[in-house]
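Me: I am new to this structure. Please take me through it, one feature at a time.

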Amino acid sequence: MEFSHADETFLESDDPYQPGLDVRTAAKMVARQRQDVIAGELSRLAAEEYLEDVLKHMQTMEDETLADAALIDMQREIQWYMRPYLIDFLVEAHAAFVLLPETLFLTVNLLDRYCSRRVVYKHHYQLVGCAALLIAAKYGDKKDRVPQISELSNMCCGLYDAGMFTQMEMHVLNTLEWTIGHPTVDFFSQLLVAYERDDKEVDCMSSYLCEMALYHRDFVSTKPSTLARASLAVARAVLGRPDVADRELDQEESAVAEALSHHLDQPSPTLARKYSSPGTYRVSHRLAEFAAARAAAMAQAQQRCAIPPSPPAEMTTKHGDIYSTPQKGHMAPGNFDGYLTPPITPDGACFAGNMPRDSYPLPPRCPVTPTPQQQQHASSYTQHGRTVGVPNQQGVYQQ
């Protein structure tokens, strides 16, 4: 997508008429461009012919590779309030290496699938996230942009050595039985945007909302296809675009869209900064304005309903019947109003270091997660009837 690589320093050019190129090199570049055009046209024709079969396969894959939030609830040390710290770190690392959008969603999917199968110590949580990022980048991104272990180690402030990254990467792959492929929400979003002919601003707003969903437990077990359609519906509502005339959300998609709308007012500052540049149409500012206007409207509505007009007093001279059933007075409404949300994502100032707010240099100097306490743990133990392999203090995994 266009907005994913807004930094001009990463733009690549295949213009054969650059100064300093000889005729032979320019001819090779022209021939490569022609081959790319032909390959793109053939891919388009093949996609139209096999699109239905591809979609069926993707729907089967998303069911098989979906993480289970209920199993992550059973973690002994990992808690949901830690998740925003790690997602902030992954968002910054993903932007720093200029990886493809689907790499971020695949990274979080691998992380959640691993956490739903293995017990993860608190001081290894960030290490698992880095291993998932490495695997996702190697799986579907450009080879020259795959992070180096030394770079990730610097981003983690040297908490883990190179051997621990290698051991964790292999352990994640073995745990997932080398099943890496997963149809990400970005894949379905691009199909829907092309089919429903949404503009680029709606596309960018939808991507912003989908990345916001990565921070919350509510969407861990949500199908990517469902989240993609729900995020597009919410994006159109935020930007004031009309809904698609011939397509209505089903019950599950409507529930996801409603849940997503409850998380619009307090996004992660790290993620909001990422989507505040002109290349992203400043959709984070648009969303903040929409959330502020909605909050003001709700406050006015509550203020109007807070003091209802008193009914006129009626003078009565009749005596009450001692045998009649006593009547209860009207009970005051409860104080609960709205949807309970998970803990607010912190702004990450403690781990963002001296990073400029408008760029993502390499590497960030501080870790996302709080500094782990050194504790002695057994190398393995049994949980729910199965032996769980965990790394020892030297980073070696044992079964």
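This is a predicted model: local features need pLDDT of at least 70, side-chain atom pairs count only at pLDDT 80 or more; totals for chains, interfaces and linings use all residues.

Me: Where does cysteine 157 lie, and is cysteine 157 buried or partly exposed?

Reply: Cysteine 157 sits in the loop between α6 (149–155) and α7. Its relative accessible area is 36%, so cysteine 157 is partly exposed. Look at its backbone too. Phi of cysteine 157 is near 60°, a positive value in a residue other than glycine.

Me: What should I note about phi in tryptophan 178, and where is this residue found?

Reply: Tryptophan 178 has a positive phi of about 60°, and it is not a glycine either. This tryptophan is found in the loop between α7 and α8 (185–196).

Me: Back to cysteines. How many disulfides does a search of the whole structure find?

Reply: The test is a distance: two cysteine sulfur atoms must lie within 2.5 Å. Searching the whole structure with that test gives 0 disulfides.

Me: Now the overview. How many helices and strands does the protein have?

Reply: The secondary structure comes to 14 helices and 3 strands. The protein has 399 residues, and 43% of them count as buried. Next, look at how contacts span the sequence. Take those between residues at least 6 apart: 78% of them join residues at least 24 apart.

Me: How do I read the length of a helix, say α9?

Reply: Compare its span with the expected one. Helix α9 covers residues 200–213, which is 14 residues. From first C-alpha to last, α9 reaches 20 Å. That is close to the 20 Å expected at 1.5 Å a residue.

Me: Is α9 mostly covered or mostly open?

Reply: Mostly covered. Of the 14 residues in α9, 13 are buried. Lysine 200 belongs to this helix.

Me: What happens at the start of α9?

Reply: Look for a side chain reaching to the backbone. A side-chain oxygen of aspartate 199 comes to within 3.0 Å of the backbone nitrogen of glutamate 201. Now turn to α11 (residues 251–261). Aspartate 250 caps its N-terminal end, with a side-chain oxygen 3.3 Å from the backbone nitrogen of glutamate 252.

Me: Which residues of α11 are buried?

Reply: They are Glu253, Val256, Ala257, Ala259, Leu260 and Ser261.

Me: Which residues touch the most other members of the largest nonpolar core?

Reply: Think of a core as buried nonpolar residues linked through side-chain atoms. The largest one here has 81 residues, and Met205, Tyr208 and Leu209 touch the most other members. Helix α5 (residues 125–140) supplies the largest share of this core, 11 residues. Tyrosine 208 also shows what a contact list looks like. Beyond residues up to four places away in sequence, it touches Pro267, Leu271, Ala272, Tyr275, Val283, Ser284 and Leu287.

Me: What can alanine 137 tell me about α5?

Reply: Alanine 137 is placed in helix α5. Its relative accessibility is 0%, so it counts as buried. Leaving out residues up to four places away, alanine 137 touches Leu99, Thr103, Val146 and Pro147. Proline 147 is 10 residues away along the chain, and the two C-alpha atoms are separated by 7.6 Å.

Me: Is glutamate 169 buried or exposed?

Reply: Buried, because its relative accessibility is 11%. Glutamate 169 is in helix α7 (residues 162–175). Its contacts, apart from residues up to four places away, are Ala131, Leu134, Ile135 and Lys138.

Terms used: Residues are numbered from 1 along each chain as its sequence is written. Side-chain values use heavy atoms; hydrogens and water are left out. Helices (H or I, at least four residues) and strands (E, at least two) are DSSP runs, numbered from the N terminus. Buried means under 20% relative accessible area, exposed over 50%, partly exposed in between (1.4 Å probe, protein chains only). Contact means heavy atoms within 4.5 Å. The expected span of a helix is 1.5 Å times one less than its number of residues. A polar contact is a pair of N or O atoms within 3.5 Å; within protein, one must be able to donate a hydrogen and the other to accept it, and residues adjacent in sequence count only if both atoms are side-chain atoms. A nonpolar core is a set of buried Ala, Val, Leu, Ile, Met, Phe, Trp, Tyr and Cys residues joined through side-chain atoms within 4.5 Å.
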